[in-house]
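Student: I would like to go through this model with you and ask, term by term, what each label rests on.
Tutor: Gladly; let us look at the structure and begin with a definition.

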Amino acid sequence: MTKQAAKKVLSKADFMQLKTSVKSIDIADLGEVFIKVMTAAEREGLERQMQKEQKNNGVRAVIFIYSVCDENGVLEFNDDDLELVKGFPSAIVSKVFDASSDINALQPEAKE
């Protein structure tokens with residue numbers, strides 16, 4: 001039998017050191033876009049907005065809004081930009097949607 005390494009028990013201090021991570025993705029013919037790992041509050045806002053938009057064909061746009069950020073993780077868009085984002089090319093919104101779904105562990109039922 002092999003011994004398993006003891007897992008570290010996280011403390012409050014460990015959680016206080018957590019930072020939101022940012023990932024860069026390339027949008028063909030346009031350039032680089034940063035997307036972020038959402039905070040708990042952002043995820044709650046995303047889920048609330050997604051419930052409102054399920055009937056309005058805006059779920060991908062909502063995920064885009066809660067994902068696109070600057071290099072420091074500050075969101076570039078807000079809920080007021082929803083109709084604007086709905087007008088963006090679907091290939092761009094879908095690329096952000098797919099990347100954000102991966103890094104934020106969005107479940108398939110949450111994306112529908």
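Tutor: A salt bridge is a side-chain nitrogen of Lys or Arg within 4 Å of a carboxyl oxygen of Asp or Glu. Please keep in mind that this is a predicted model.

Student: What makes E83 and K86 a salt bridge?
Tutor: The closest N and O atoms of E83 and K86 are 3.2 Å apart, and the cut-off is 4 Å, so the pair qualifies as a salt bridge. Both residues lie in helix α4 (residues 82-86), where they are three residues apart, about one turn of the helix. E83 and K86 are also linked with E53 in a network of salt bridges.

Student: Which other salt bridges can you show me, and are their residues buried or exposed?
Tutor: The count comes to five salt bridges, and among them is the one between K8 and D14, whose closest N and O atoms are 3.1 Å apart. K8 has 60% relative accessibility, and because the limit for exposed is 50%, K8 counts as exposed. Another salt bridge joins the side chains of K36 and E42 at 2.9 Å, N to O, and both K36 and E42 are buried.

Student: What makes β1 and β3 edge strands?
Tutor: The three strands form an open sheet in the order β1-β2-β3, with antiparallel pairing. β1 and β3 (68-69) each have a single partner strand, so one side of each is left without a neighbour in the sheet. Between β1 and strand β2 (residues 31-36) there are six bridges, and S24 stands opposite F34 in β2.

Student: How do you know that the protein is more spread out than a compact globule?
Tutor: The protein has six helices and three strands. Its radius of gyration is 17 Å, whereas the globule rule gives 13 Å for 112 residues, so the protein is more spread out than a compact globule. The C-alpha atoms fill a box of roughly 55 × 30 × 30 Å, taken along the principal axes.

Terms used
Residues are numbered from 1 along each chain as its sequence is written. This is a predicted model: local features need pLDDT of at least 70, side-chain atom pairs count only at pLDDT 80 or more; totals for chains, interfaces and linings use all residues. Side-chain values use heavy atoms; hydrogens and water are left out. Helices (H or I, at least four residues) and strands (E, at least two) are DSSP runs, numbered from the N terminus. The radius of gyration is taken over C-alpha atoms; the globule rule is 2.2 Å times the number of residues to the power 0.38. Two strands pair if DSSP finds at least two bridges between them. Buried means under 20% relative accessible area, exposed over 50%, partly exposed in between (1.4 Å probe, protein chains only).
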